Every structure is written in C-alpha cells, then in structure tokens.
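Please look over the fold and the aromatic rings of this chain.

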Amino acid sequence: MIRIHASANFVRKFRQLDKEDRLQATEEVKLFRELPFYPSLNTHPLSKKFAGSYAFSVSGNLRIVFRFTKKDNSEVLFQSIGTHEIYK
C-alpha cells in the first residue's frame with residue numbers, strides 16, 4: 001500500500017472542489033493506494049515543467065498530479081488536483 005502525503009496546494013484545491021468531485025476523488029485515491037497503475041486510473045508520466053511528476057484520472061476531466069518520493073515507489077506527494085488547467 002502506498003503512503004500518501006499532500007502538499008498545501010493540493011489540500012487547498014481539494015477543499016475547493018464540489019462535494020461530488022471530492023467523493024469521487026476519495027474513491028479513486030483508495031484504488032490508487034492499492035494499485036497505482038490500475039488501467040482505469042490512466043496513470044501516466046508528465047513532461048516539460050512537470051517532468052518527474054505523474055497524473056491519474058479521477059473522473060472525465062479531473063486529475064491528480066503527484067510525485068513518487070521514495071525510490072521503491074512506496075510514498076507519493078500529491079501536488080495538485082483539478083482539470084487540465086492545472087497543467088498550464
């Protein structure tokens with residue numbers, strides 16, 4: 001099971017989500033914690049200014065951006081949550 005830490009930015013943006021998106025994100029995080037590369041999450045590495053980070057899908061347009069913080073991939077830092085606008 002992956003240990004998850006959240007940045008202040010992630011926490012702030014998570015709190016700004018509507019209730020439905022928060023509930024959906026919570027469910028997808030449970031899956032991510034057990035199986036971070038499960039196909040429905042569409043976990044993928046990012047590039048350019050996000051090089052070294054990854055993202056996974058919460059819903060159709062909602063993503064969580066994170067970074068592995070241990071070489072064995074046992075811990076992550078959630079950096080942000082939002083639509084594709086977070087990549088800009």
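This is a predicted model: local features need pLDDT of at least 70, side-chain atom pairs count only at pLDDT 80 or more; totals for chains, interfaces and linings use all residues.

Numbering starts from 1 along each chain as its sequence is written, and side-chain values use heavy atoms, without hydrogens and water.

Reader: In what order do the elements of the chain run from the N terminus on?

Author: Helices (H or I, at least four residues) and strands (E, at least two) are DSSP runs, numbered from the N terminus. The chain has two helices and five strands. Their order is β-α-α-β-β-β-β.

Reader: Are the rings of Tyr54 and Phe66 stacked or edge-to-face?

Author: Rings of Phe, Tyr and Trp (its six-membered ring) pair if their centres lie within 6.5 Å; planes under 30 degrees apart count as stacked, over 60 as edge-to-face and the rest as tilted. Here the centres are 5.6 Å apart and the planes at 20 degrees, so Tyr54 and Phe66 are stacked.

Reader: Which strands hold Tyr54 and Phe66?

Author: The two residues are twelve apart and link distant parts of the chain. Tyr54 sits in strand β3 (residues 54-57), and Phe66 in strand β4 (residues 63-68).

Reader: Is Phe66 buried or exposed?

Author: Buried means under 20% relative accessible area, exposed over 50%, partly exposed in between (1.4 Å probe, protein chains only). Tyr54, at 23%, is partly exposed. Phe66 has 0% relative accessibility, so Phe66 counts as buried.
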